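Me: I am new to this one and would like to learn how to read it. Could you take me through it step by step?

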Amino acid sequence: MQHEMRAEYEEGSPGRVAGAPVKIWHMVRANGTTAMCGRELDPDAETQAADLWGAADSAPFCHSCGAMYLREVP
Ligand SMILES: [Zn+2]
């Protein structure tokens, strides 16, 4: 199954604007907008490849999504 990361922004952030600070990264299935933890994410939110999950220099990752993702992807 395909996964990708999708960004959640700070409350009140307009979303995908240049340099908008990412609050946390969630994991979604395929290119959906509902995170694996159930969170609804903006369709315009930034995405990045699932294999960057856990990369040291990225914003924080959602622990709930991480747990479910690691269960689906051995
Ligand atoms: Zn999540």
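Predicted model: local features only at pLDDT ≥ 70, side-chain atom pairs only at ≥ 80, totals over all residues.

Me: Where does Cys65 sit, and is Cys65 buried or exposed?

Reply: Look for helix α1, which spans residues 63–72; Cys65 is in it. To judge burial, read the relative accessible area, where under 20% means buried. Cys65 has a value of 0%, so it counts as buried.

Me: Which protein atoms are the donors of the zinc ion?

Reply: For a metal, list the atoms that face it. Here the zinc ion has His26 (ND1), Cys37 (SG), Cys62 (SG) and Cys65 (SG), at 2.0 to 2.4 Å from it. Along the sequence, these donor residues follow the spacing H-x10-C-x24-C-x2-C. Cys62 is buried as well, with a relative accessible area of 8%.

Me: What arrangement do the four donor atoms make around the zinc ion, and why?

Reply: The general idea is to compare angles: four tetrahedral donors at a metal would ideally give 109.5 degrees. Around this zinc ion the angles run from 104 to 116 degrees, so the arrangement is tetrahedral.

Me: With those cysteines in mind, how many disulfides does a search of the whole structure find?

Reply: A disulfide is a matter of distance between two cysteine sulfur atoms, which must lie within 2.5 Å. The search of the whole structure finds zero disulfides.

Me: Let me turn to charged side chains. How many salt bridges are there?

Reply: The pairs to look for are a side-chain nitrogen of Lys or Arg within 4 Å of a carboxyl oxygen of Asp or Glu. The count comes to four. Among them is the pair of Glu4 and Arg6, whose closest N and O atoms are 3.7 Å apart. Both Glu4 and Arg6 are buried.

Me: What about Lys23 and Glu8: how far apart are N and O there?

Reply: Their side chains meet in a salt bridge at 3.6 Å, N to O. Lys23 belongs to strand β2 (residues 22–29) and Glu8 to strand β1 (residues 3–9), so this pair ties together parts 15 residues apart in sequence. Lys23 is partly exposed at 34% relative accessible area, whereas Glu8 is buried at 8%.

Me: And which parts of the chain does the pair of Arg29 and Glu72 link?

Reply: Arg29 and Glu72 form a salt bridge at 2.7 Å, N to O. This pair links distant parts of the chain, with Arg29 in strand β2 and Glu72 in helix α1, 43 residues apart. Arg29 is partly exposed at 34%, and Glu72 is partly exposed at 36%.

Definitions and conventions:
Residues numbered from 1 in each chain as written. Heavy atoms only, no water. Helix = DSSP H or I, 4+ residues; strand = E, 2+ residues; numbered from the N terminus. Buried < 20%, exposed > 50% of the residue type's maximum accessible area, 1.4 Å probe, protein only. Donors = N, O, S within 2.8 Å, 3.2 Å for Na, K, Ca; no water. Tetrahedral: all angles 85-135°; square planar, octahedral: opposite > 155°, others 65-115°.
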